[in-house]
Amino acid sequence: MKVLIKYMLCSLLLLGGVAEIVAQDRRDKEQTYIMPAPYEVPKIQIKNPAKKPKNVILMIGDGMSLMHIYSAWTANKGKLFLENASATGLSKTYCLDQLITDSGAGGTAIATGQKTKYHFVGVDSLGRPLTTILDVAKAQGKSTGVAVTCRLWDATPADFCCHNTDRDAEEAIIADYVTCGVDYVFGGGAKLFENRTDGRNIFHELKRAGYKTPRSWEELAQMQSGRVFAVVDSVDTPLPAERGDLLARASLKGIELLSQNKEGFVLMIEGSQLDDYGHFNDLDLLMQETHDFDKTVGRVLEWVAEDGETLLIVTADHETGGLTLVGGNKDEGKIVCKFSTGGHSGVMVPVYAFGPGAENFTGIYENTDIFHKVRQALGI
C-alpha cells in the first residue's frame with residue numbers, strides 16, 4: 001500500500017506545480033534514510049581484455065552527482081558496484097546559453113559532441129539536427145540501442161534518437177522514433193504512441209518500419225532477434241520497489257539482442273528517475289533509485305567483464321536537488337541529507353569507465369568530450 005500511495009503521489013506531482021510546493025516544504029530540512037537491505041558488491045575484473053573495444057555501453061544516471069553516489073555508498077555500508085571502475089573523471093555540464101543545464105542540452109552534448117541551448121534535444125543552436133553517437137555507430141555497421149525507465153518523450157532518450165528545439169514538444173518527439181534507425185528501444189510513454197491529436201498510431205508505423213513492438217516485459221523476454229521497440233508503460237515505469245530489477249533485465253535483453261551483430265553495438269542506458277526524486281527532494285525514493293541504478297551497473301559490469309571487448313562508461317548529465325550529505329553512519333547504513341533546490345545545480349559530475357579504452361576518461365573535461373572519446377576508443 002505504501003508503494004502504491006507513493007506511486008500515485010509521484011504521478012500527481014508530475015502534473016504541475018504541486019511538485020515544487022512539496023519540495024519547498026522539504027527543502028533544507030534534514031532527512032534521514034537507513035537502507036533496509038544492503039547488498040553485496042564483489043570485485044569485478046576483466047578476464048581477457050581486448051586492446052580496443054568493439055562495443056560501448058553508456059550509462060547515464062539522470063541528475064546524479066558525487067554526493068548522490070557517496071550518499072548511496074554510505075547507505076550501502078561502504079560499497080557500490082561503481083567502485084569497480086578502473087578510471088574516473090569529471091565532466092563540466094554547462095550548456096550553450098545557461099550555466100545550469102537541463103537534460104535536453106546536457107544529454108545532447110554527450111550524445112553529439114556539441115553543446116546546445118537549454119531545452120533543445122538532438123539539435124544545434126540553430127535547430128539543425130545533429131549526428132549522434134548512435135548514428136555514428138550505425139554508419140560503422142554496428143547495432144544501437146536505448147533503455148530507460150522514463151517516458152520515451154523525456155529529454156535523455158530523445159537526445160540520442162530525436163531532434164527538436166523544445167523538449168516539451170512531446171508528440172513530435174515520439175514521432176521521430178519511427179525514423180531514428182535505432183535497433184533496440186525500451187521505455188515508457190505508450191499514451192503518446194496512440195490516441196494522438198494528429199491521428200497517427202506510432203506503434204503501427206514502427207511495425208511497418210520493421211520493428212517488433214512488445215508492450216510488456218513478458219512479451220519482450222520472448223524476443224530472440226530482430227529490431228525491437230518495447231514500450232511497457234503508459235508514462236514512466238513504476239517506482240523501484242514495484243518494478244524490481246526491470247532496468248537491469250531490459251538492459252541485458254538489449255545487450256543480448258544487439259550483441260548478435262558481429263560488428264558490435266553501442267547502447268545507452270538511463271537511470272531516469274533519479275532526476276524526478278531529486279526534484280521532489282525525496283531522499284527515500286532517490287536512494288532507492290540510485291541503488292537500483294548501481295545494481296544495474298553491477299549486472300552490466302559482470303557481462304562486460306566476461307565479454308572483454310566492451311567499454312562501459314557511467315556518468316550523469318547534471319545534478320538535481322543540490323543534495324548534501326550532512327551526517328550518518330556507514331556501519332549502520334544511515335545517512336542524513338539536505339536538499340538546497342528543487343531544480344538543477346551547477347556542479348561537475350563524475351565519469352566512470354571500465355574495460356578497454358577506459359584510460360581515456362580520466363581528468364577534467366567538457367561533457368562534449370565524452371562523445372569524442374567514445375569515437376576515439378572505437379577507432380572512428
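Two strands are taken to pair if DSSP finds at least two bridges between them. In this predicted model, five bridges join β10 to strand β11 (residues 334-338), and the two run antiparallel. One of the residues involved is L325, whose bridge partner in β11 is C337.

**The sheet and its helices**

These strands belong to an open sheet of three, ordered β1-β11-β10 with antiparallel pairing. Because β1 (31-34) and β10 (324-329) stand at the edges with a single partner strand each, one side of each has no neighbour in the sheet. From one strand to the next, the twist averages 25 degrees. Helix α3 (residues 66-75) packs on the sheet, where it touches β1, β10 and β11, and its direction makes about 10 degrees with that of β10. Helix α13 (residues 283-307) also packs on the sheet; this helix touches β1 and β11, and its direction makes about 40 degrees with that of β1.

**Aromatic rings**

The model contains eight aromatic pairs. One of them, F193 with F203, is stacked, with 5.0 Å centre to centre and 20 degrees between the planes. F193 lies in the loop between β5 (184-188) and α8 (202-208), while F203 is in helix α8, so the pair ties together parts ten residues apart in sequence. F193 counts as buried at 0% relative accessibility, and F203 counts as buried at 4%. Ring pairs link F193 and F203 with Y177, Y211 and F229 into a cluster.

| Charged residue | Ring | Distance from ring centre |
|---|---|---|
| R227 | Y211 | 4.2 Å |
| R249 | W217 | 5.0 Å |

Notes
Residues are numbered from 1 along each chain as its sequence is written. This is a predicted model: local features need pLDDT of at least 70, side-chain atom pairs count only at pLDDT 80 or more; totals for chains, interfaces and linings use all residues. Side-chain values use heavy atoms; hydrogens and water are left out. Rings of Phe, Tyr and Trp (its six-membered ring) pair if their centres lie within 6.5 Å; planes under 30 degrees apart count as stacked, over 60 as edge-to-face and the rest as tilted. Helices (H or I, at least four residues) and strands (E, at least two) are DSSP runs, numbered from the N terminus. Buried means under 20% relative accessible area, exposed over 50%, partly exposed in between (1.4 Å probe, protein chains only). A charge sits over a ring if NZ of Lys or CZ of Arg is within 6 Å of the ring centre and within 35 degrees of the ring normal. Axes are lines fitted to C-alpha atoms, for helices over the stretch in contact, and angles run from 0 to 180 degrees between N-to-C directions. Contact means heavy atoms within 4.5 Å.
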